[in-house]
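Please take a first look at the model below. A short tour of its contacts follows.

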Amino acid sequence: MTAGPITSEPADAPPAARSERQKLRKHFGRFDILFFLLCTIVGVDTIGTVASSGAEAFTWLIVLAAVFFVPSALLTAELGAAFPDEGGPYIWTSRAFGRLAGAVNNFLYWITNPVWLGGTLAVSAVTAYTTFFNDGKDLSTSAFYVFTVAFVWIGVLAAILSFDVGKWIPTVGAWSRFLLLGLFTATVVVYGVQHGLHGFGLGDFSPTYAGFVGLVPVLMFNYVGFELPSTAGDEMTDAQKDVPYAVFRSAALSVLLYALPILGILLVLPVKAISGLGGFIDAIRQVFTVYGGHVAGDGTATLSGAGSALGDLAAVLFILTVLSSGVTWVMGSDRALAVSGYDGAAPRFLGVISSRFGTPVRVNVLSGLVSTAVLVLAHELTNGSAAKLFGAVLGLAVSTTLVSYLGIFPALAVLRHKAPHVPRPYRAPAPLAISIVLTALVLYACVQLVAPGAPTSWFSSAYAPDGWTHAERWKYLLTELIPLVGFMLLGVLFWALGTPTRRAEAKGAAPGGKLLG
């Protein structure tokens, strides 16, 4: 289908929405959505964090795939096909619970991504670069900023470009994942044949409650994102058919692409040697010694010859993979924020689609500025420690992301009740049960993020994050809660700033019409 502007508008669309939607273009096809979803869900930046919990991490990965990942795929397949409007999760939440709830939820959904791009992803990329291209030595402060700021703004530029151009970043990113994770998994087999692997007894895979508390938030963070392509619903060529197709196929591929490298890391590295930031990168360097290089007695791997060349290739693929993760999330969440801007749940200034690119350029630039600010602030507050920067920003990204799903997941059951006559090309089974289970799991994970071990063993030695003591539990609680509450208040502020847009809609609907919430 030839890309072109959207001309059909619902009769009751707000004036601002009708104006902006005319600038959107349909050029997001079935395989574009599939590749977009793979980049959205399969992130390599948290593989080391999951693997650092040991063999039981693999067990919880599979359990969460069954009780969380698959139900969320069913939920998104129905909502994305039944309500294929631009804005996706914002539209679902605001239709189910009103614009105020949609505004707060959507702000949390959006803010996570520039924070994640400028923190966790940028640091992961620079770590891969220094490991393979700089002999493991840290970059100078100026070189660090040149690399990471360029990383952030290349991602922003990709988000600004028209979707028919920008969508190639997710496509390249998807193939980078296939190549990187496929090469790593195959090399683990070769490494095991030559050197043997770390053995595991069945007891090592036994799930524990402490492991559940520590792993569930990060695993859920890895497993969310099915709804992201629906933020560009009006740009899809056939959302009602293509969304379920892409969701179910990406679900199967994503579990495989997570499970194999995590198992590979556990087989190659002792658990005590796996770090959240460098675990996957260190495992790549170690197994690639089968192509050239050696592992010293202290576990330090040195690559040479073909091993060095393939290591450099893996580093490039890793950087492309984390970049494409950031680009897809920024593309999607920026669109959702722009929709809330022209729908009256955010400042109208942000709800503008570029006539030239068909993208929300103003929100894209805002995301870039927030990413850059987070990058500089976090780097200075952690005194340049990449590991501390990675951990601090990842925790904030996980918490803000998961809280936003407290609005998205219940929408399935609510909209089945509020809009029963909307055509549903795909209907999820047991919608009430799916909404309840997913919402309960996310709520539990959110509690554990801010108060690990609560309610019975809050911040005991088994549950306190590394580097924290029981006496610091209130300080930790505040460091987690204050940003969340602050972001929620900013969401309320955005809703208040959208009052003129809502008022214009009410006047357009009927003289003296009621101001919509």
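Predicted model: local features only at pLDDT ≥ 70, side-chain atom pairs only at ≥ 80, totals over all residues.

**Helix α5**

Helix α5 spans residues 89-97 and is mostly covered. Seven of its nine residues are buried. These are Pro89, Tyr90, Ile91, Trp92, Thr93, Ser94 and Ala96.

**The nonpolar core**

The largest nonpolar core holds 150 residues. Within this core, Phe68, Phe151, Met220 and Phe280 touch the most other members.

Take phenylalanine 280. Leaving aside neighbours within four places in sequence, phenylalanine 280 is in contact with Val44, Ile47 and Gly48, and also with Leu180, Leu181 and Phe184.

**A nonpolar patch outside**

Some nonpolar side chains sit on the surface instead. Phe133, Val172, Val316 and Leu320 form a nonpolar patch there, with about 290 Å² of accessible area together. One of them, valine 172, belongs to helix α9, residues 168-195. Valine 172 is partly exposed, because its relative accessible area is 42%.

**Aromatic pairs**

The structure counts 28 aromatic pairs. One of them joins phenylalanine 35 and tryptophan 175. This pair is tilted, with 6.2 Å centre to centre and 55° between the planes. Phenylalanine 35 lies in helix α2 (residues 30-41) and tryptophan 175 in helix α9, so the pair ties together parts 140 residues apart in sequence.

Another pair is made by phenylalanine 288 and tyrosine 291. Here the geometry is edge-to-face: 5.6 Å centre to centre, 85° between the planes. Phenylalanine 288 is buried, with a relative accessible area of 1%. Tyrosine 291 is partly exposed, at 29%.

Aromatic residues also gather in a cluster. Trp60, Tyr209, Phe212, Tyr444 and Tyr463 form one.

**Salt bridges**

Side chains of opposite charge can pair when their charged atoms come close. How many salt bridges does the structure hold? The count is nine.

| Salt bridge | Closest N and O atoms |
|---|---|
| Glutamate 20 and arginine 348 | 2.9 Å |
| Arginine 30 and aspartate 242 | 3.0 Å |
| Arginine 335 and glutamate 86 | 3.9 Å |

Start with glutamate 20 and arginine 348, which form a salt bridge. Glutamate 20 is in helix α1 (residues 15-21), while arginine 348 is in the loop between α13 (305-342) and α14 (361-381), so the pair ties together parts 328 residues apart in sequence. Is glutamate 20 buried or exposed? Glutamate 20 is buried, with a relative accessible area of 3%. Arginine 348 is partly exposed, at 27%.

Next come arginine 30 and aspartate 242, with their closest N and O atoms 3.0 Å apart. This pair links distant parts of the chain, 212 residues apart: arginine 30 is in helix α2 and aspartate 242 in helix α11 (residues 239-268). Arginine 30 is partly exposed, with a relative accessible area of 30%. Aspartate 242 is buried, at 6%.

Then there is the salt bridge of arginine 335 with glutamate 86, at 3.9 Å. Arginine 335 is in helix α13, and glutamate 86 is in the loop between α4 (56-82) and α5. They are 249 residues apart, so this pair also links distant parts of the chain. Both ends are covered: arginine 335 is buried, with a relative accessible area of 3%, and glutamate 86 is buried, at 4%.

**Toward the end of the numbering**

Helix α19 covers residues 499-509 and includes threonine 499. Threonine 499 is buried, with a relative accessible area of 15%. Glutamine 448 is 51 residues from threonine 499 along the chain, and their C-alpha atoms are separated by 36 Å.

Technical notes: Residues numbered from 1 in each chain as written. Heavy atoms only, no water. Patch = residues over 30% accessible without salt bridge, like charges linked within 9 Å, V, L, I, M, F, W, Y side chains within 5 Å. Areas by Shrake-Rupley, 256 points an atom, 1.4 Å probe, with all protein chains shown as cover. Salt bridge = Lys/Arg side-chain N within 4 Å of Asp/Glu carboxyl O. Helix = DSSP H or I, 4+ residues; strand = E, 2+ residues; numbered from the N terminus. Buried < 20%, exposed > 50% of the residue type's maximum accessible area, 1.4 Å probe, protein only. Core = buried A, V, L, I, M, F, W, Y, C linked by side-chain atoms within 4.5 Å. Contact = heavy atoms within 4.5 Å. Phe/Tyr/Trp six-rings, centres within 6.5 Å; stacked < 30°, edge-to-face > 60°.
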